[in-house]
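This report goes through one protein chain, from its overall layout to a few single residues. Please keep the sequence and the model at hand while reading.

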Amino acid sequence: MLRTGQTARIARSYTRDDLAAYAALSGASAGCVPEPLIAALFSYLLGVELPGSGTNYLKQDLAFKAPAPLDTSLEAKVEIIRLRPEKHLVDLWASCTAPDGTVICEGRSLVKAKDVPGAFSA
């Protein structure tokens with residue numbers, strides 16, 4: 001059952017090979033980790049960890065505050081900040097930080113968890 005304050009995390013490093021693969025797919029080149037790759041970490045957490053399989057992504061608003069360095073373990077985290085069980089909605093705070101505490105990005109995610117087994121019932 002979902003509860004306010006519940007969190008999920010993932011750590012990931014990106015290499016020059018990852019950037020080359022991204023550039024081959026997108027046509028964009030970058031010297032640091034591209035924002036869509038960081039946002040994908042949140043997509044993973046929401047769809048696999050919290051709330052999990054069956055989550056329907058409704059909205060995400062991220063503010064990118066610093067470039068994400070290559071070959072550095074970045075930690076992405078989502079935390080439930082509000083539950084609206086009557087509408088099956090979950091508000092989460094998303095953040096990504098470098099090991100030294102630098103905030104790479106942060107913002108809000110809104111998902112519908114109607115199809116997540118056990119999300120709102122005991």
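## Fold and basis of the model

Along the sequence, the protein chain follows the pattern β-α-α-β-β-β-β. That pattern comprises two helices and five strands, where helices (H or I, at least four residues) and strands (E, at least two) are DSSP runs numbered from the N terminus.

The model is predicted: local features need pLDDT of at least 70, side-chain atom pairs count only at pLDDT 80 or more, and totals for chains, interfaces and linings use all residues. Residues are numbered from 1 along each chain as its sequence is written, and side-chain values use heavy atoms, with hydrogens and water left out.

## Overall dimensions and surface

Along its principal axes, the C-alpha trace spans about 45 × 30 × 20 Å.

Of the 122 residues, 37% count as buried; buried means under 20% relative accessible area, exposed over 50%, and partly exposed in between (1.4 Å probe, protein chains only). The accessible surface of the chain comes to about 6600 Å², and 50% of this belongs to carbon and sulfur atoms. Accessible areas come from the Shrake-Rupley method with a 1.4 Å probe; for residues, only the protein chains shown count as cover.

Contact means heavy atoms within 4.5 Å. Among contacts between residues at least 6 apart in sequence, 65% join residues at least 24 apart.

## Ser 109 in strand S5

Ser 109 belongs to strand S5, which covers residues 103-112. Is Ser 109 buried or exposed? Ser 109 counts as buried because its relative accessible area is 0%.

The side chains of Ser 109 and Gln 60 form a polar contact of 3.3 Å. Such a contact is a pair of N or O atoms within 3.5 Å; within protein, one must be able to donate a hydrogen and the other to accept it, and residues adjacent in sequence count only if both atoms are side-chain atoms. Not counting residues up to four places away in sequence, Ser 109 touches several residues, among them Leu 46, Tyr 57, Val 90 and Leu 92.

Ser 43 sits in helix H2 and counts as partly exposed, since its relative accessible area is 35%.

Leaving aside neighbours within four places in sequence, Thr 55 is in contact with Leu 46, Val 111, Lys 112 and Val 116. Thr 55 and Tyr 22, 33 residues apart in sequence, are 26 Å apart in space, C-alpha to C-alpha.

## Backbone exceptions

Most residues other than glycine have a negative phi, and most peptide bonds are trans. The peptide bond from Leu 50 to Pro 51, however, is cis, with omega near 5 degrees.

Asp 71 is not a glycine, yet its phi is positive, at about 55 degrees. Asp 71 is placed in the loop between S2 and strand S3 (74-84) and counts as exposed because its relative accessibility is 56%. His 88 also has a positive phi, near 60 degrees. His 88 is found in the loop between S3 and strand S4 (89-97), and its relative accessibility of 27% makes it partly exposed.
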